[in-house]
Amino acid sequence: MKHLSKFLVVALLFVGVNSIQAQDENNPWQISFGVNAIDVYPTNDESAAYPTGTLFSEYFNANDHWNIIPSISYVGVSKYIGDGFSIGARGSLNRIENLGDVAVDDLSHFAIDGVIKYNILKNTVVDPFVQIGGGYTWVDEIGAGTANGGIGVNFWFSDNVGFTLETQYKHAFEDYGVKHFQHLAGLNIKFGGTDTDGDGIYDKDDACPEVAGLEAFNGCPDSDGDGIEDGKDSCPDQAGSKEMNGCPDADGDGIADKDDACPNEAGTAALAGCPDADGDGVADKDDECPSEAGPAENKGCPWPDADGDSVLDKDDQCPQVAGTVANNGCPEVTEEVQKQLNDYARTILFDTGKASIKAESTSVMVDIIQILNEYPNAKFTVEGHTDSVGSAKLNQSLSEKRANSVRDFLIDKGIGTDRLTAIGYGEDKPIATNNTRSGRKQNRRVEINLVK
């Protein structure tokens with residue numbers, strides 16, 4: 001039995017050494033090792049074959065009653081199961097020289113115990129606990145089962161390493177068993193937690209277990225160091241502000257640089273962060289007249305009015321000639337102009353009985369052309385008239401030919417074809433009597449009239 005118990009103690013030590021790391025939700029495993037002291041005096045065991053005191057009497061009298069060997073004399077291993085509870089096993093050995101008040105000759109002591117432990121506080125440096133359990137103890141190869149109860153406290157130097165002090169009462173069931181106290185002091189090493197990214201935050205509590213991060217962000221990174229974790233940072237590689245969702249705003253216009261078409265010039269949201277100096281709704285970078293308001297369709301420049309007639313060139317049918325708004329920017333043909341035009345037209349001379357214009361009428365044709373050019377959007381009819389001499393049919397034909405002859409001359413000199421029409425009235429519209437030479441001369445005429 002003596003060798004078996006030694007084997008069990010060594011086996012427990014082997015399990016502990018090969019399982020090293022922390023005992024809590026993150027590090028569920030714990031190994032403990034150190035020294036133990038056996039004290040059989042303060043047990044109030046009146047039936048014992050050795051002198052004992054009342055329970056807890058001289059409990060702290062280490063000099064007279066404690067049995068200690070100067071080496072590692074216990075090792076334990078346990079596993080955290082949740083809500084502050086852990087279960088484990090412990091093996092211990094000792095050498096008994098004081099059996100109560102009786103000196104004995106080095107009795108061997110071996111024990112194997114099962115432990116259920118409850119940590120009263122959670123995640124504290126000073127970590128008190130209570131425990132119960134049972135086991136089997138051999139004193140000089142005489143074994144007896146025990147029921148155990150005890151208290152202790154851990155002092156954690158780090159997440160994984162701590163110092164422990166504990167004491168327990170071990171009540172032997174058999175009459176020949178030795179009731180005693182066992183005190184332990186040693187080191188605890190916790191282990192078993194997984195930290196894949198090595199950031200010091202266990203995977204269980206790490207929101208980003210595969211990327212090293214910060215405790216403040218539950219293990220998630222803040223690559224640009226702006227205090228906003230990458231997962232919530234719209235610009236994880238550029239330091240920014242919380243208001244900009246982690247993005248920078250170089251010009252301070254409230255528009256993140258990534259969305260700002262002009263990141264170095266303060267602008268407006270309506271223009272994607274670009275300025276508009278003249279307030280015309282066209283960003284300065286696209287405005288060909290940034291200091292003068294103008295419409296977008298003219299690239300931010302005001303529409304010109306070349307002739308100054310208050311009708312913009314874009315709407316002015318006569319942009320180089322001043323006109324009236326009512327006539328779309330073109331000058332209006334007045335009654336005086338119309339009269340002057342016909343005064344000229346009535347002096348046009350034709351070869352007798354023909355439609356050909358006499359050379360001496362060239363100057364008057366030039367005057368007519370000048371008037372027509374002053375009214376570039378006005379349309380006119382060229383009307384031919386005759387006297388009543390000859391047949392009406394011949395007179396009708398001659399009036400049409402003469403009207404067309406004048407029209408063709410004007411077109412040849414640059415008047416638009418769409419502005420002129422020709423019509424012959426023959427002898428139907430006399431302006432004087434055909435009974436006199438003077439009257440017939442007046443009736444043989446050409447008129448140029450405005451189409452209204």
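# Exercises on a predicted model

The S-S torsion of cysteine 208 and cysteine 220 is about 85 degrees, so their disulfide is right-handed. The model is predicted: local features need pLDDT of at least 70 and side-chain atom pairs pLDDT 80 or more, whereas totals for chains, interfaces and linings use all residues. Residues are numbered from 1 along each chain as its sequence is written, and side-chain values use heavy atoms, without hydrogens and water.

**Exercise 1.** Determine how helix H4 and helix H5 are oriented, and which residues make their contact.

*Solution.* Take the axes, which are lines fitted to C-alpha atoms, for helices over the stretch in contact; angles run from 0 to 180 degrees between N-to-C directions. The axes of H4 (residues 362–374) and H5 (residues 392–412) come within 11 Å and cross at roughly 65 degrees. Angles of 65 to 115 degrees count as roughly perpendicular, and H4 and H5 are therefore roughly perpendicular to each other. Then list the contact (heavy atoms within 4.5 Å): H4 gives Met365, Ile368, Ile369 and Leu372, and H5 gives Val406, Phe409 and Leu410.

**Exercise 2.** Describe the barrel and the pairing of strand S6 with strand S7.

*Solution.* Two strands pair if DSSP finds at least two bridges between them. The barrel closes from 8 strands in the order S1-S2-S3-S4-S5-S6-S7-S8, with antiparallel pairing. Neighbouring strands in this sheet are turned by 30 degrees on average, direction ignored. Within it, S6 (residues 142–156) and S7 (residues 161–172) are joined by 11 bridges in the antiparallel sense. Tryptophan 156 faces glycine 162 in S7.

**Exercise 3.** Work out the strand order of the open sheet and which helices lie across it.

*Solution.* The order is S10-S9-S11, with mixed pairing. S10 (420–424) and S11 (445–450) are the edge strands, each pairing on one side only. S9 (residues 380–385) runs antiparallel to S11, with 6 bridges, and glutamate 383 stands opposite glutamate 447 in S11. H3 lies across S9 and S11, at about 155 degrees to S11. H5 lies across S9, S10 and S11, at about 165 degrees to S10.

Definitions and conventions
Helices (H or I, at least four residues) and strands (E, at least two) are DSSP runs, numbered from the N terminus. Angles under 35 degrees count as roughly parallel, over 145 as roughly antiparallel, 65 to 115 as roughly perpendicular and the rest as oblique. A disulfide is a pair of cysteine sulfur atoms within 2.5 Å.
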